[in-house]
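I opened a notebook for this structure. These are my entries, in the order I looked things up.

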Amino acid sequence: MYDFNFAPVFASFDALLTGAWFTVQMSCAAMVLGLIVSIAGAAAKTSGVRVLIALTNVYIEIIRNTPFLVQIYFIFFGLPALGVRFDPNEAALLALVVNFGAYGIEIVRAGIESINKGQIEAALAIGMSRLQVLRYVILKPALRTIYPALTSQFIYLMLGSSVVSVISATDLTAAGNDLNSVTFASFEIYLVIMAMYLVMSLLFSALFVLIQRQVFSYPVSR
């Protein structure tokens, strides 16, 4: 019989909350920066410029066909050999952005290519600038189309951020590992951490639904 003992966990619950808050902050920053990378990469891939398309494809293939853990190690341990150094939290954020971008580019590209070319030609014909066409005719309708896939990838990013604990980034999993090394209450600690990740996932999902209703819900035509 196992004697459950959650007392050491809740005695240090503040440390877990601090780690969870850092996870939320890092995930939000990675989502915003990763979306910017995704939009820029998708624009490059649909630009028709062969060099940009080739460079974007190389980036996508390298990131999507190598383990995320190896990417983190390369950024944190490999780049210092070239004189590029990051602290653990900076390296964690960079790794998340780079990894998300490779997947986000294809999602955004699919949204851009779903826009009818006739709409683009009509917008240019009435005098809209290319920037206005990108903003009003292409980008928003495309994001509306791909929003469910994009938010699912955001949730996956937040859950995948637990891997950054391997380089001592101060996220929730790292806080749990530190607590486990002191209390050895592994079952209780990681059960609580699982519950905290579940709560964060549900909160992010609720937030994304709210954003969808406020930003991407158009009135139904009669």
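How many residues of the lining of the largest pocket are nonpolar, polar and charged? I counted 11 nonpolar, two polar and three charged. Here Ala, Val, Leu, Ile, Met, Phe, Trp, Tyr, Cys and Pro count as nonpolar, Asp, Glu, Lys and Arg as charged, and the others, Gly among them, as polar.

Ground rules. I am reading a predicted model, where local features need pLDDT of at least 70, side-chain atom pairs count only at pLDDT 80 or more, and totals for chains, interfaces and linings use all residues. Residues are numbered from 1 along each chain as its sequence is written, and side-chain values use heavy atoms, with hydrogens and water left out.

Entry on the pocket. I took a pocket to be an open set of points on a 1 Å grid over the protein atoms alone, where a 1.4 Å probe fits, with protein on both sides within 12 Å along at least five of seven lines; lining residues have an atom within 4 Å of a point. The largest pocket has a volume of about 430 Å³, volume being the space filled by probe spheres set on the points. Of its 16 lining residues, Thr 46, Ile 112, Ile 120, Leu 134 and Ile 138 lie nearest the centre. I found that α2 (13–45), α5 (88–113), α6 (117–125) and α7 (130–160) each supply at least two lining residues. Helix α7 gives the largest share, six residues. Helices are DSSP runs (H or I, at least four residues), numbered from the N terminus.

Entry on salt bridges. My rule was a side-chain nitrogen of Lys or Arg within 4 Å of a carboxyl oxygen of Asp or Glu; the count is three. Glu 106 meets Lys 45 at 2.5 Å, N to O. That pair links distant parts of the chain, Glu 106 in α5 and Lys 45 in α2, 61 residues apart. Glu 106 also meets Arg 109 at 2.6 Å, and Arg 109 meets Glu 113 at 2.7 Å. I noted that Lys 45, Glu 106, Arg 109 and Glu 113 are linked in a network.

Glu 106 is buried, at 17% relative accessible area, whereas Glu 113 is exposed, at 52%. The cut-offs are under 20% for buried and over 50% for exposed, with partly exposed in between (1.4 Å probe, protein chains only). Phe 187, in helix α9 (residues 186–216), is partly exposed at 44%.
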